[in-house]
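This report describes the strands, helices and pockets of one protein model.

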Amino acid sequence: MSNLIELTNINKYYKLKDSKLHVLKDINLTIEQGDFVMIMGKSGSGKTTLLNLLGFLDHFDNGKYEFNGKDVTHLSENERSELRNSYLGFIFQQFHLIDALSIGQNVELPLLYKEGTDIPKKERARRVEKYLETVGLLHKEKQSPSQLSGGQQQRIAIARALINNPYLILADEPTGALDSKTREEIMNILKKLNEENKTIIMVTHDDDLTKYASKVIHLKDGEITKVD
Ligand SMILES: Nc1ncnc2c1ncn2[C@@H]1O[C@H](COP(=O)(O)OP(=O)(O)O)[C@@H](O)[C@H]1O
Ligand SMILES: [Mg+2]
């Protein structure tokens, strides 16, 4: 397996009114292609901050980030969004679906953001159906997100994250808003995707879920205290 991600001595601060919060402290981390990584830690330990900088959604103050063999420490906003659109899929705790759009349109959305590519309508429709089928909800394509249960909405959000065929899926507490039965359903979908060679980085504070992980990173007050 080759390295997909390498972080070297990453530090990040949040600037507060008259102080600074040292939110990530000398983070060193290697993630290989095909890994299923869990980032664990108490609320406020810096999990979301770390995930967001891995996903080019946020910046860090010093250190080095290599992605897919390339130094991505200093990129323009355009280059960052191109990496996001080409290689990454995001899943959030609160699903972030748009209720004014149908389920099919929600899943299609990332394809419309992709710059410089004009994917024909038919091809877009084919892909929407393919990924709705992956999450077992093809029959819901025309409905609206609010007509679905929480677990179904998260499955739609997973289909949306997959539509660009990303290398890497970043998930921030994807089961945090779900009951335990639905949680297992979502974890089984993620497990299957990982077996099909998607790299997954997932934030959770649920110890029960570490059984799905190939690597568990423990964060405490912005520091990695243990990797197993
Ligand atoms: N935009 C921000 N500005 C200032 N402080 C922030 C900001 N975002 C998060 N923090 C603080 O940084 C710390 C880590 O937050 P976060 O990464 O969200 O932790 P976690 O996801 O582990 O709960 C917390 O103390 C939080 O209050
Ligand atoms: Mg968080």
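How many residues lie between S1 and S2 in the hairpin that they form? The number is four. This is a predicted model, in which local features need pLDDT of at least 70 and side-chain atom pairs count only at pLDDT 80 or more, while totals for chains, interfaces and linings use all residues. Residues are numbered from 1 along each chain as its sequence is written, chains are lettered from A and ligands numbered from 1 in the order in which they are written, and side-chain values use heavy atoms, with hydrogens and water left out.

Helices (H or I, at least four residues) and strands (E, at least two) are DSSP runs, numbered from the N terminus. Two strands count as paired if DSSP finds at least two bridges between them. Strand S1 (residues 3–15) and strand S2 (residues 20–32) are antiparallel and share nine bridges. Within this pair, Tyr13 has His22 in S2 as its bridge partner. S1 is also joined by five bridges to strand S4 (residues 62–67), again running antiparallel.

Axes are lines fitted to C-alpha atoms, for helices over the stretch in contact, and angles run from 0 to 180 degrees between N-to-C directions.

**The six-stranded sheet**

A further open sheet has six strands in the order S6-S7-S8-S3-S9-S10, with mixed pairing. S6 and strand S10 (223–227) are at the edges with a single partner strand each, so one side of each has no neighbour in the sheet. On average, neighbouring strands of this sheet are turned by 20 degrees against each other, direction ignored. At one end of the order, strand S9 (residues 215–220) and S10 pair antiparallel over four bridges, and Lys220 has Glu223 in S10 as its bridge partner. H2 lies across S6 and strand S7 (168–172), at about 80 degrees to S6.

**The pockets**

On a 1 Å grid over the protein atoms alone, a pocket is an open set of points where a 1.4 Å probe fits, with protein on both sides within 12 Å along at least five of seven lines; lining residues have an atom within 4 Å of a point. Grid points are joined across faces, edges and corners, and a volume is the space filled by probe spheres set on the points. For the classes below, Ala, Val, Leu, Ile, Met, Phe, Trp, Tyr, Cys and Pro count as nonpolar, Asp, Glu, Lys and Arg as charged, and the others, Gly among them, as polar.

| Pocket | Volume | Lining by class |
|---|---|---|
| Largest pocket | about 420 Å³ | ten nonpolar, four polar, two charged residues |
| Second largest pocket | about 190 Å³ | two nonpolar, three polar, five charged residues |

Of the 16 residues lining the largest pocket, Asn85, Phe90, Pro110, Tyr113 and Arg160 are the closest to its centre. Helix H2 (77–87), strand S6 (88–92), helix H3 (103–113) and helix H5 (150–162) each supply at least two lining residues there, and S6 gives the most, with four.

The lining of the second largest pocket includes Ser102, Gln105, Lys121, Arg124 and Glu141. H3 and helix H4 (121–134) are the elements that give two or more residues to this lining. The largest share, four residues, comes from H4.

Technical notes. Contact means heavy atoms within 4.5 Å.
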